[in-house]
Amino acid sequence: MTGTITAGTITAEAERVYSLSLRAIGTHVRLLTPDATVLDAARVMLADRLESLDRVASRFRTDSELAQINRASRIAAGEGRDVVRLSVSQELAELLAHALEVESLTGGLVTPTVGNALIAVGYDADIEVVRHRTESARSTDRPRGVDMGSECVLQGNTLTVSAGAALDLGSSAKAFAAHQWSAKIACRVGAGILLDLGGDLASAGPSPSGGWRVGVVDWTGTTRQVVVADGGQSFATSSTKVRVWQTGQRRRHHIIDPRTGSPARTPWAQVTCACAATQWANAASTASVILGVNAPEWLSDRGIPALLIAHNGAETRVAGWPPATATDAGAQR
């Protein structure tokens with residue numbers, strides 16, 4: 001899910017950190033390492049993986065595998081069928097399996113079956129395209145009543161979905177990729193890696209001396225806190241303030257509450273979670289936005305450290321998230 005925890009101004013004691021930046025899959029991508037000699041190799045690997053992910057899982061690329069599935073689902077609905085069964089690639093099968101596991105572990109709060117709900121509120125193209133549309137250019141061919149009970153079942157490489165359903169992997173694929181890729185790149189280049197895929201952070205390999213210093217940045221660009229992460233630790237932020245657009249007089253965001261089929265109404269502007277794996281940090285942060293006032297208890301019950309920031313800027317820390325320090329307070333001024 002796109003958020004606002006960034007690798008920002010990373011420092012690491014006396015050890016210098018080197019970075020590369022890309023714009024891909026509709027978000028900002030950054031990779032950092034203590035070893036400048038591995039940047040070129042890391043860039044090649046990262047660019048290849050990003051292109052592959054986009055080609056398989058983009059909801060907006062007409063030639064992507066996911067777009068073809070959604071198109072087949074619409075055709076099946078037009079033909080009066082109840083379900084559609086399709087064979088999917090191994091890469092997409094892995095992403096779908098993870099998305100369905102996230103759905104199960106969050107009690108259905110984070111689900112891949114929200115594609116029609118996103119289309120219904122205007123998020124039917126890359127976010128920059130959506131933001132810059134005039135009202136007259138906005139599509140009127142959108143689902144009205146969104147069925148949030150769509151079937152989505154994966155057996156091996158066979159996918160069964162309700163006819164007319166639209167899948168979206170934005171709440172899971174990027175975080176899953178960050179965790180997988182950071183480990184593979186670190187292993188291949190033989191150096192420590194911190195990978196930031198639009199707010200989903202994963203580290204692998206040896207950390208710089210003193211650890212990775214990661215800044216939690218809010219929607220105004222203010223660094224709320226700097227936390228130190230060791231190799232293998234992951235973070236993710238979900239925000240209702242960053243991936244936003246206007247439809248008429250209404251301001252929309254991309255985190256859908258599957259219980260209503262609409263953008264979540266929540267007291268939280270953003271939630272940042274820490275876990276051993278990026279995909280679970282992202283699942284927790286997204287679920288927390290949807291849960292609203294019940295999020296702190298839900299996170300505490302599961303032992304997931306988190307920093308929740310309300311729309312008025314108030315901060316709530318749960319489950320052992322580090323307390324703010326004088327340094328953090330100084331960074332906010």
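**Entry 1**

I began with the hairpin of β7 and β8, where 2 residues lie between the strands and glycine 198 takes a positive phi near 55 degrees. The names come from DSSP runs numbered from the N terminus: helices are H or I with at least four residues, and strands are E with at least two. Before going on, I noted that this is a predicted model, in which local features need pLDDT of at least 70 and side-chain atom pairs count only at pLDDT 80 or more, while totals for chains, interfaces and linings use all residues. Residues are numbered from 1 along each chain as its sequence is written, and side-chain values use heavy atoms, with hydrogens and water left out.

How many bridges join β7 to β8? I found 5, and the two strands run antiparallel. Strands count as paired if DSSP finds at least two bridges between them. Isoleucine 193 has alanine 204 of β8 as its bridge partner.

Next I followed β8 to strand β11 (residues 234-239), to which 3 bridges join it, again antiparallel. Here alanine 202 stands opposite serine 234 in β11.

I then looked up burial, where buried means under 20% relative accessible area, exposed over 50%, and partly exposed in between (1.4 Å probe, protein chains only). In strand β8 (residues 200-204), 5 of the 5 residues are buried, so the strand is largely enclosed by the rest of the structure. Asp200, Ala202 and Ala204 point one way from β8, Leu201 and Ser203 point the other way, and all are buried. I jotted down the general rule beside this: in a regular strand the side chains alternate between the two faces of the sheet.

**Entry 2: a sheet of its own page**

I turned to an open sheet of 3 strands, with the order β4-β6-β5 and antiparallel pairing. Its edge strands are β4 (83-87) and β5 (152-155), each pairing on one side only. On average, neighbouring strands here are turned by 15 degrees against each other, direction ignored. For such angles, axes are lines fitted to C-alpha atoms, for helices over the stretch in contact, and values run from 0 to 180 degrees between N-to-C directions.

Between β4 and strand β6 (residues 158-162), which run antiparallel, I found 5 bridges. Valine 84 stands opposite valine 161 in β6. Which strands does α2 touch as it packs on the sheet? They are β4 and β6, and the direction of α2 makes about 150 degrees with that of β4. Helix α3 packs on the sheet too, touching β5 and β6, with its direction at about 125 degrees to that of β5. Contact here means heavy atoms within 4.5 Å.

**Entry 3: helix α1**

Helix α1 (residues 39-57) has 19 residues and reaches 26 Å from its first C-alpha to its last, close to the 27 Å expected at 1.5 Å a residue. The expected span is 1.5 Å times one less than the number of residues.

I listed its buried residues: Leu39, Ala42, Met45, Leu46, Leu50, Ser52, Leu53, Val56 and Ala57. They cover an arc of only 165 degrees around the axis, which puts them on the same side of α1. The arc is that of the directions from the helix axis to the C-beta atoms. On the other side of α1, Asp40 and Val44 are exposed. The partners of the buried residues include β2 (18-24), β3 (27-33), α2 (65-78) and α3 (90-105).

**Entry 4: helix α8 and a tryptophan**

In helix α8 (residues 295-302), I found Ala295, Pro296, Trp298 and Leu299 buried. Seen down the axis of α8, they fall within an arc of 165 degrees, so they line one face of the helix. Glu297 and Asp301, on the other side of α8, are exposed. Among the elements covering the buried residues are α7 (278-291) and β17 (306-310). Glycine 303 follows α8 and has a positive phi, near 65 degrees.

Is tryptophan 298 buried or exposed? At 13% relative accessibility, tryptophan 298 counts as buried. Leaving aside its neighbours within four places in sequence, tryptophan 298 is in contact with Ala284, Ala287, Ser288, Leu291 and Ile304. The C-alpha atoms of tryptophan 298 and alanine 284 are separated by 9.2 Å, with the two residues 14 apart along the chain.
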